[in-house]
Amino acid sequence: GAISGVVGMYLVLFRRRVVDVLWWAFVVAGIVRLPAVFVATFWFALEVLQAVLFNKYAEVAHWAHVGGFAAGYLIVLAARRILPSYPEIYASTEEGPKPADRFEEKSYIPEAPAAPKADGLRLVAREWRPLTPGLRRIVDGVLPGSGAFATAARIAAGLAPPQAEDLRARLERAGFPVMIQPHEREVPSTPLVFLDGLAAGPEGIILNDPRGARRVLDPASVVRIQMGATRGGVPILDIVARDPWRRYRLSGATAVNPPTDSVRSLRAAFPGLPGLEEGPVGFEKLSDLDDYFGWRLQVEASSLKSQV
């Protein structure tokens, strides 16, 4: 009955949509696209027919389906007339619903969050330390729901100068050193591409992925080379490149040659490559090592400003 009520609500709110319907006949089946109003109405009529003709013979409560469908349909019809808008938590600067927020199809779907303004400020960790619930409470106390800790190095984003300075001072007093940077210096999120091997070639850095595909990376696009390992684990090598931003990962468990040998050959062929930096040992999880790599990249974003 409850599911039938959802079908009735759907008929009111989304009847203009086209939906995929699975059909089958013995051993043959397929998908057909039909208007939602046709599918929901046909289903309701079928339930009414079965309730009238077969309800006392069947072990299915068809009248419950009919009643649920009718209840959902009528409740939403009434709600659209009574409620001026859909439920929403409004920002502190707003006193109520916007006039355009009518309860209509799709109107309840929130907009995607706006990208940080180029002139906004962000707080970045100055030293690598695990984040704690206490630090999160400090940030939430100044900027509730600010998207804090969205990346490994970013503590908070979208700050005005007074907010940034206030939050920086609070975190410094709590023993968590941070620094303030403009958003324009933030390195974008870098997708991770796994490799089986890499080598130097006349046209650039040759990258081989696990599927056997081969691609060439321009040495001038390499921003950072970093290597580390979890406690008792194999070494992980990351090469971060820009235009577009990518993070190419070579694992000591699957690499044809040890990662250190690969880097040595690359530096011999391309002297202008950034030097290899090894992360601290003793990370318990690979995710912690990833966070450390991300922190190091973001902290150096100021020096990369001309390349971003």
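Author: Helices (H or I, at least four residues) and strands (E, at least two) are DSSP runs, numbered from the N terminus. This is a predicted model, where local features need pLDDT of at least 70, side-chain atom pairs count only at pLDDT 80 or more, and totals for chains, interfaces and linings use all residues. Residues are numbered from 1 along each chain as its sequence is written, and side-chain values use heavy atoms, with hydrogens and water left out.

Reader: Is Leu74 buried or exposed?

Author: Leu74 sits in helix α3, residues 62–82. Buried means under 20% relative accessible area, exposed over 50%, partly exposed in between (1.4 Å probe, protein chains only). The relative accessible area of Leu74 is 55%, so Leu74 is exposed.

Reader: How far apart in space are Leu74 and Met9, C-alpha to C-alpha?

Author: In sequence, 65 residues separate Leu74 and Met9. In space, C-alpha to C-alpha, they are apart by 8.1 Å.

Reader: What distance separates the end C-alpha atoms of helix α7?

Author: Helix α7 has 14 residues, 286–299. The expected span of a helix is 1.5 Å times one less than its number of residues. For α7 that gives 20 Å, and the end C-alpha atoms agree, at 20 Å.
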